[in-house]
Every structure is written in structure tokens, then in C-alpha cells.
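Welcome, and please take a moment to look over the structure below.

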Amino acid sequence: MVESITIENPLLEGLQEEKKPESFSMVIFGAHGDLTKRKLIPALYALYLRNHLPENFAVVGSSRTEMTDEQFRATMKDSVIRYGEDIDFKEECWERFAKSLYYRPGNAKEASYYSSLDEDLKEIGKRHGSDSRNIFYLSTPPSLYLPIIENLNSSGLAVKRRSDEPAWPRVVVEKPFGHDLKSALALDEKIHAVLNEHQVYRIDHYLGKETVQNIMCFRFANSIFEPLWNNNYIDHVQITNAETLGVEERGAYYEEAGALKDMIQNHLMQLVALVAMEPPNSLSAEATRDERTKVLKAVRRFDPDRVDSYAVRGQYGAGYVLGNEAIRYRDEDKVASDSNTETFAALKLEIDNWRWAGVPFYIRSGKRLEKRITEIAVHFKAPPHKLFSNMANTGLRSIMADSSPNVLVMKIQPDQGISLKFATKQPGPTTQLRALTMDFKYGTAFGDHTPSAYERLILDSLIGDPSLFARSDFVETSWSLLTPVIEHWAAVSPETKSGSDESIVQGPFPNYEAGSWGPEASNTLIGSTGHSWRVL
Ligand SMILES: NC(=O)c1ccc[n+]([C@@H]2O[C@H](COP(=O)([O-])OP(=O)(O)OC[C@H]3O[C@@H](n4cnc5c(N)ncnc54)[C@H](OP(=O)(O)O)[C@@H]3O)[C@@H](O)[C@H]2O)c1
């Protein structure tokens, strides 16, 4: 039985506060899309069900498909029943919730749409008491973000507030935020011309995951780990995001993105920052985001002439994943038959600061791998004196069966929890060591419902807490860091040797079998410092 405890730590002040937003009107652009059906409306309904929404609110769906309010409500009801995994659907509760749902069809590129939207919002706002507290959720193809921002501005729906004024209206922007540094800067420039940064919520749904939020709690609410959290005790860090799925119906999008832009630039860089950041002096949004950005800025810039010695790319060929036959990436729908888009990327990062000097961070993300798993593994150094491995030579009846160093694993998905590997003596007359793990599992410890990342993020955006959103300087630093890799991969085909002595031979594509752990080059990358990827 796990008992709840109250931790007295000034850093954690405010954590127990009940969060409830003021009344609001949320416009979802792209309401006919996949994300709205699978995540946004189920999350809003879950928030309502759990009494996190105010009494008065309205949600207005917007996209081109013609639908009445009633049709929209019926479609969303089906979606909640179908996709609301953990949600206890209650008809009567849904009926009350659905009264706040509206739909206004129109083309988000057309200025005329916004004058009628403005009128509708005024009227809906009066009915639901949201008093011009409008929040615009951009869940459209990314090419529409700029036109929507511009149209919101020219219609008067977006108004720039001073940073000491309440952040209404506000905008939530889905990923991807730009497709490279230049486009991210251009998008930010336009947004900042129309809205102040505190009115902008850039989604990185990894930050909304409970297990990801727990990284800071684990590090800064426990005094036993932080003293070890540095280059004196940590040997290296591995961050893995492995998916068994291929690109599904998202071939056209993925051809433009690839693993580096789709996963590493945003989600994995946020994980690196959370593991490596310094303790913030408070839990305020600015203090935590300052620290996340500061450590990302300390990541060593990649030498454009040596990209192939610290970055590896791969693309899956045919194979078997979880016993099922899988086609090669180049045969997927809407993918070019000679595509050089990477479905796997691995990087070696070095952080040039006092805490992390000399500790490599290895990160990898790939599709069609053997298992679905996302985790952070912190590998500690071996004990300075190998007492047990020496005993075999002393004539004592002692055997060192497993001398592998301690590893602390933060499991993000599908299993959620933390495990610590340590050596222990196996019972018996000899001193034989065995590696065991201490495991904490969210499901076992906390049992019931874990809020989805979107529940948390939508709630925070309504309350006006941007802590778990990506700030512009973080996004830009991340794009800037990856620019040499993006440019090298765009200019040089994977089978071309880059010339430098340490460069790792990677191609030609496809260079890994579906259902494997990625290209051999990824093992060479981590092997360059005498390490190997964890067996998962
Ligand atoms: N799906 C996910 O799991 C996921 C995860 C993370 C991030 N995202 C991001 O979230 C955004 C939305 O993703 P999605 O998967 O929902 O995309 P989607 O299924 O393509 O939906 C986008 C919707 O936007 C609407 N739209 C397109 N052009 C429009 C226009 N000119 N005016 C008004 N509406 C227009 C379309 O509806 P109409 O045809 O009716 O106009 C379409 O259904 C993307 O930026 C994506 O990268 C998605």
C-alpha cells in the first residue's frame, strides 16, 4: 500500500493547487482532422468529466467540411467512445458537455471567414459567459499556421497583450513548429508581431506525459540522486524512442519530415533538457523553461565537416515486426521509391558544462523497430575498485557473475515507471553477484486513471500556465543545433562517405530490416566510446 505524502520543498510550492480555468471559448482549427478526433475532444471531455473545466465554456470546431452543430456533436461523441481509452463514457454527462460544442465550417485561408467567426464568437461567448477569453488551437496542416495567425490579426481576433496583462486571447500551436531554423524563426517573427510570447503555447505532447513531468520531481524532490547526477558518477546516458509502427497513412508528411525533425528536434531534445538541466529556483514557467533552454545551449555545436561521426541515419527495408510481415519504407503509400528520408536517427551529444563534461548522451529514434519503447537510461560508472572481480584470483570461492554498473531507467512508454539496476549477492556459499532491479510501476503504485498528455496540456493552456510548452528560444536552439545534420543529410546521400577518418559508413538505404534495432551504423556510433545500446 502506497501512502501519499506531503513534501516540504520550496521548489514544489503550489503543486497541490486545484487548477480550474476561467470560462473560455476555444476554437479548434482542423476540427475535422485526426488529432481533434483522437486526442483533443476526448481530452476536453475527460477534463469535463473530472470536473476540471469551468461551468461555462464553449468549443467551436472549424474546418472546411460542411457539418451542422448536431453532426459535429455526433461525430465527436463517436470519437470519444472510440478513442477515449481511459474514459468512462457517461451518456448524461456527454449530453451536458455536448451543449458547449459548436461547429463553424470555412476555409481558414479566407479572410472573410474570420469576420463571421468573430460575430459567432461574440454570440457564443455571451451565451457561455466566456467574455472574450478566446483560445485558438491550431491543429491544421502546418502550412496554415501563418495564414491563420495573420487572419486572426487582421480580423481583430488576435490582440497583442503586454507581458503584465492577462494572456487573452491566446494561441496553441501544434507540432511541427517550422521545418528548419529559418522557417521556425519566420513563424516566430510573425507570431510575435501579433501576440506576445506569453499568449503562445507551442505543443510538445511529451512534456504533458506524467512520466516526463516526473523527471523533474524525481531529480529535485529526492536528495539521494542529485548528488550523483553529474560526470563524477554518471558514465553516459541513452535515450531511446522505438516504434514498431511504420509511417501508416502519414507517408506524405513523413517524406518531408523524417525521424530527426519528427521526433528528435522536439520530443527527444526536451527529454535531454529535463535530464541534464540545473535545478530551477522555482517551478515558475519562466524559471523551468530558462533552465531547459540553458542546458540545450550548452550542447556542443556539431562540426558540419564531421556529421557522419556523430549522427547516424537509417531507413527500414522489408522484414517482420512482432511476427507480422512489414513492407519496406520505399513501398509505403505516398513515399518515393528512391526516398532518402530517414526512418531512424541516432546522435551523440556532448554537453559542455561543469556537470556534464565528458558524459556522452546517445539518443535514437526509429520506426519499425523490434519493440515499442521510450525510455531514458542513466548509466552510472563502475565502482572504482573492482573488489569482486578480483576475488576469483585470490583463491577465495568467489565468482563475479555480473559486474555491470548501475543503470537507472525512466520508462516513458508503454510501461511507465522507474527501475534501478544494482548488484546483489546470490544466496549460497560462494560470493556470486547477480544484477537485479528495483522497480516502480505507475500502474501498481497509483492504480487508477493517468491523465493523457493532451488533458494536462489543454488544461494548462486554459489556466495560462506555459511551463509544459516549448518556448521560442528552446525551439530555435534545437533547430539551430540540428542544422548541420539537416543540411548534411539533405546534401549528401547516405551511401556517400563523408571523408573524415571517424566517419561512420551508413548507407545505402534501406540499411536496416524492419523488426531489427536499426542500422549497424548505430552500434558503431555508440561503440566509438566503448558503449553499447541497452538490450531492450
Ligand atoms: N494526428 C496526430 O496524432 C498528431 C500528433 C502530433 C501532432 N499533430 C499535428 O497536428 C496537426 C493536425 O494533425 P491531424 O493529424 O489532425 O491532421 P489532419 O487529419 O490532416 O487534419 C487537419 C484538418 O485540417 C483541415 N484543413 C485543411 N486545410 C484547411 C483549410 N484550408 N481551412 C480549414 N481547415 C483546413 C482539414 O479538414 P477539412 O478537409 O474539413 O478542411 C483536416 O481534416 C498537424 O500539424 C500535425 O502535425 C498531429
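This is a predicted model: local features need pLDDT of at least 70, side-chain atom pairs count only at pLDDT 80 or more; totals for chains, interfaces and linings use all residues.

A residue is called buried here when its relative accessible area is under 20%, exposed when it is over 50%, and partly exposed in between.

**Aromatic rings**

A pair of aromatic rings is described by the distance of the centres and the angle of the planes. The count for this model comes to 26 aromatic pairs. One of them is formed by phenylalanine 24 and phenylalanine 57, which are stacked, with 5.6 Å from centre to centre and 20° between the planes. This pair links distant parts of the chain: phenylalanine 24 belongs to strand β1 (residues 24-29) and phenylalanine 57 to strand β2 (residues 57-62), 33 residues apart. Phenylalanine 24 has a relative accessible area of 0%, so it is buried. Phenylalanine 57 counts as buried too, because its relative accessibility is 1%.

Tyrosine 45 and phenylalanine 97 also form an aromatic pair, this time edge-to-face, at 5.5 Å centre to centre and with 70° between the planes. Here again distant parts of the chain are linked: tyrosine 45 sits in helix α1 (residues 34-49) and phenylalanine 97 in helix α3 (residues 91-98), 52 residues apart.

Which residues form one aromatic cluster? They are Phe24, Tyr45, Tyr48, Phe57, Phe89, Trp94 and Phe97.

The charged end of arginine 202 sits over the ring of phenylalanine 177, 4.8 Å from the ring's centre. Lysine 209 lies over the face of tyrosine 206, and there the distance to the ring centre is 5.1 Å.

**Two domains**

Stepping back, the domain assignment gives domain 1 (10-202) and domain 2 (208-450 + 472-527). Taken over C-alpha atoms, the centres of domain 1 and domain 2 are separated by 33 Å. The contact takes 18 residues from domain 1 and 19 residues from domain 2. About 1600 Å² of area is buried between domain 1 and domain 2, and carbon and sulfur atoms give 62% of it. How many salt bridges does the rule find across the interface of domain 1 and domain 2? It finds 1 salt bridge.

**Helices to look at**

Is helix α13 (residues 453-463) mostly covered or mostly open? It is mostly covered, with 9 of its 11 residues buried. Among them are Tyr454, Leu457, Ile458 and Leu462. The buried residues of α13 pack against β1, α1, β4 (134-138), β5 (170-173) and β6 (200-202). Just after α13 comes glycine 464, which takes a positive phi of about 95°.

Helix α7 (residues 210-220) is largely enclosed by the rest of the structure, because 9 of its 11 residues are buried. Its buried residues include Val212, Ile215, Met216, Phe218 and Phe220.

Helix α14 (residues 472-491) holds aspartate 473. Aspartate 473 counts as partly exposed because its relative accessibility is 23%. Its C-alpha atom is separated by 33 Å from that of tryptophan 517, 44 residues apart along the chain. Serine 478 is found in helix α14 as well. With a relative accessibility of 0%, serine 478 counts as buried. Leaving out residues up to four places away in sequence, serine 478 touches Gln265, Met269 and Leu296.

**Backbone details in the loops**

| Cis peptide bond | Omega |
|---|---|
| tryptophan 168 and proline 169 | about -5° |
| glutamine 413 to proline 414 | near -5° |

Proline 169 lies in the loop between α5 (145-154) and β5, while proline 414 is in the loop between β15 (407-413) and β16 (417-426).

Aspartate 131 has a positive phi of about 50°, although it is not a glycine. Its place is in the loop between α4 (111-128) and β4, and aspartate 131 is exposed because its relative accessible area is 55%. Leucine 322, not a glycine either, has a positive phi of about 50°. Leucine 322 is found in the loop between β9 (316-321) and β10 (324-326), and it counts as exposed because its relative accessibility is 63%.

How values were computed: Residues are numbered from 1 along each chain as its sequence is written. Side-chain values use heavy atoms; hydrogens and water are left out. Rings of Phe, Tyr and Trp (its six-membered ring) pair if their centres lie within 6.5 Å; planes under 30 degrees apart count as stacked, over 60 as edge-to-face and the rest as tilted. Helices (H or I, at least four residues) and strands (E, at least two) are DSSP runs, numbered from the N terminus. Buried means under 20% relative accessible area, exposed over 50%, partly exposed in between (1.4 Å probe, protein chains only). A charge sits over a ring if NZ of Lys or CZ of Arg is within 6 Å of the ring centre and within 35 degrees of the ring normal. Domain bounds come from an automatic or database domain assignment. Contact means heavy atoms within 4.5 Å. Buried area is the accessible area (1.4 Å probe) that two parts lose on being put together, summed over both. A salt bridge is a side-chain nitrogen of Lys or Arg within 4 Å of a carboxyl oxygen of Asp or Glu.
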